[in-house]
Amino acid sequence: MDFKDNINQDKIPRHIAVIMDGNGRWAKQRGQQRIFGHENGVQAVRETVEAAGELGVKNLTFYAFSTENWCRPKSEVDTLMSLLVKAIKNETPELLEKGVRLNAIGDIESLPKECIKELNEAIHITRNNTRLNVYVALSYSSQWEIVNAVKNIAQQVKHNELDPEEIDKSVFQKFLQTNGTPDPDLLIRTSGELRLSNFLLWQIAYSELYFTPVLWPDFRKKHFYQAILDYQRRERRFGKT
Ligand code: IPE
Ligand code: IPE
Ligand code: MG
């Protein structure tokens, strides 16, 4: 029996966030350079998007490059950025066909010009799609996002556009990159690391966390189904009894 058949269609997470980790180790195990792992991670993204679309998941966020990842060797950063441009170019027709709307969160302005251009083009081309929203987190970190939100709030207060007394959880949320998207129900991290690495810290306040030892380039539909099945077995209490 396929894992997929056991999934309860009435309890599909509305938003799944994914920390795609383990590309470097996957390559190393094969005696290859780290970038070989990143290249092979693209197939895992493809499968995850396809599986999410088929199951009716509405929002999917991929952590692709963190603020801290800028501190990796320049050669790895450069190759990652060109890989990103290539992947967006290659995948956009498929996204269009599958009804996927692409979006990005993070400090997009800090990316190389070519990346921004490809990204904006893909975002524009897919803007009318409604089946599945895919968000790529690029040059993203939660602490950056929160500081950025605070700065923008301070500006509005300074210009008398916002009364500090009005600031509450829902106002604050509007200043986050994820404004308009429901918080993740489920967060998946691959590669066996048990940490969040600065990802969506505000938004995952009540998310269910799922960690798998599978390295990202090996992640396939069946692993995605397993994560959802695990999620569906949990009792979410949100602080209540
Ligand atoms: C995840 O794989 C991809 C990015 C962070 C860009 P890693 O590159 O972190 O691979 P490991 O964790 O070193 O194996
Ligand atoms: C988290 O992975 C960032 C992304 C997946 C983009 P890292 O490999 O950068 O995280 P750490 O360094 O293991 O915490
Ligand atoms: Mg890593």
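In the predicted model, an oxygen atom of ligand 2 lies 3.3 Å from a side-chain N or O atom of arginine 72, a polar contact being a pair of N or O atoms within 3.5 Å. On its own, ligand 2 has 390 Å² of accessible area, of which the protein covers 79%; accessible areas were computed by the Shrake-Rupley method with a 1.4 Å probe. The residues surrounding ligand 2, each with a heavy atom within 4 Å of the molecule, include Tyr63, Ala64, Phe65, Ser66, Arg189 and Arg195. Strand β2, residues 59-66, gives the most to this shell, with 4 residues, where strands are DSSP runs of E of at least two residues and helices are runs of H or I of at least four, numbered from the N terminus.

The elements giving two or more residues to the shell around ligand 1 are α1 (23-29) and α2 (34-55), and α1 gives the most, with 3 residues.

Two further residues were examined for burial. Serine 142 is placed in helix α5, residues 142-158, and is buried because its relative accessible area is 0%, the limits being under 20% for buried, over 50% for exposed and in between for partly exposed, with a 1.4 Å probe and protein chains only. Not counting residues up to four places away in sequence, serine 142 touches Asn198, Phe199, Leu200, Leu201 and Trp202, contact meaning heavy atoms within 4.5 Å. Aspartate 185, in the loop between α6 (169-174) and β5 (186-189), also counts as buried, at 10% relative accessibility; with the same exclusion along the sequence, its contacts include Arg14, His15, Glu208 and Arg236.

Residues are numbered from 1 along each chain as its sequence is written, with chains lettered from A and ligands numbered from 1 in the order in which they are written. Local features need pLDDT of at least 70 and side-chain atom pairs count only at pLDDT 80 or more, while totals for chains, interfaces and linings use all residues, and side-chain values use heavy atoms, with hydrogens and water left out.

Conventions
Polar contact = N/O pair within 3.5 Å; in protein donor to acceptor, adjacent residues only side chain to side chain.
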